[in-house]
Amino acid sequence: MISVYELYKQTKADEIILSFRGSVTEDFMASVFLIMESKLEGDPPQQRLRKKVNNILVECLQNVYHHMDEFGSEERPDDQRSAIFLVCRDSDNRYSIITGNHILNTNVDGLKNKIDKVNAMTGEELKEYYREALGNSELSAKGGAGLGMIEMARKSGNRIEYRFDPVNDRLSFFSLIVKID
Amino acid sequence: MNSLVMEGTAKTPSILFSADSGTLEIKGRSIPENSFEFYQPVYEWLDSYALKPSAVTSATIQLEYFNTSSSKCLLDIFRKLESLHKSERSEVNVVWMYEEDDEDMMEAGDDYRTIVLLPFELKKI
C-alpha cells in the first residue's frame, strides 16, 4: 500500500489547485479555463502571476490536445485521448503545471530536441528565437504554430522539465512540468 | 461595405471592424484551439476592405492574453495591413494596448512592432 502519510505531507506543501485524468476535449478545456479564470482573484501582483499561469496552462493543454491527432486506429482509445494534468502551488507561491500524455515514438526525438534547444537559451535568446519562429512559422492543420515550447520557456522564465517513458513499440508517455514563479 | 462584428467569448476576442470609419478593434482573449478557422472571416473582410479602404485605417489591439496559434494569425492580420499601407491607398497605424505592469502583453506588442513594418504604438491602458 502507498504511504498515505507521505501523500498527506506532500499535498500539504504542494497545494493541488486542479487535477484531472481523462480525455482532453475542447469542452473539457473550456471548463478548465473557466475554473482557472474564477481563481484569478487576489491583489494585482497575484493576478498577474495567475494570468501568466493561465496563459501557460492554455499552451500546455492545447499542446496535449494537438498531439492526440497524431494517433491512428492502432492505438487503444484510452491511450489516444487520455491524459493527466495538474496545477499545483507550493508554500512559496510557485506554480507548477504538469501534463502527461501518450505520443508516438517517432515524435520523441523531435520533441526532445525542441525542448533541449529552448532550455539551453537565455531569456534574450528566447525572445530572438520566438520572433524568428513567429515570422517564419506556418500553422499546422490543427492550428499548432510550433511556437508553444518557446513560449512556455520564455513566459515561465524557467527550464522545461520533461521525461519520456517507453510504453510499447509505438508509444511513449510524455511528462512535462513547467514551473512559474 | 458592411462592418464586421463578432461578439467576444471565453476563448475568442470581440471583433469590431468598420469600413466607414476605418477603425479595426480586436479586444479580449484569443485562445481558440483552431485559430485559423476563427480568424478566417477576419482575413476575408480585410481582403475586401483593401479594395476600397478608408483614407486612414486605425487598428486597436487590446488583448488579455492569446495562445501561440493566435499569435500567428495576428501576424497574418498585420501582414495584410502592411501591404495595404505599402500600397498607399490607406494610411495604416496600429495601437497595441496593454494593462500597466502586464509585461507579457507589452513584450508581445514589442515582438510585433519589431517584425511588422507599420506605424506601431504600444500604449498603457
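**View 1. B:Val95 has B:Glu121 as its bridge partner in strand β6(B).** This is a predicted model, in which local features need pLDDT of at least 70, side-chain atom pairs count only at pLDDT 80 or more, and totals for chains, interfaces and linings use all residues. Residues are numbered from 1 along each chain as its sequence is written, while chains are lettered from A and ligands numbered from 1 in the order in which they are written. Strands β5 (residues 91-98) and β6 (residues 120-124) of chain B pair in the parallel sense over five bridges (pairing takes at least two DSSP bridges). Strands are DSSP runs of E with at least two residues, helices are runs of H or I with at least four, and both are numbered from the N terminus. To get from β5(B) to β6(B), the chain goes through helix α3 (residues 103-115) of chain B, making a right-handed β-α-β crossover (clockwise from the first strand over the helix to the second, with the strands pointing away from the viewer).

**View 2. Chain A meets chain B.** The contact takes 28 residues from chain A and 20 from chain B (in contact: C-beta atoms, placed from the backbone, within 7 Å). On the chain A side, α2 (26-38), α3 (44-67), α6 and α7 each supply at least two residues. Helix α3(A) gives the largest share, ten residues.

**View 3. In chain A, α6 meets α7.** Here A:Leu126, A:Lys127, A:Tyr129, A:Tyr130 and A:Ala133 of α6(A) touch A:Ile150, A:Glu151, A:Ala153 and A:Arg154 of α7(A).

Notes: Contact = placed C-beta atoms within 7 Å.
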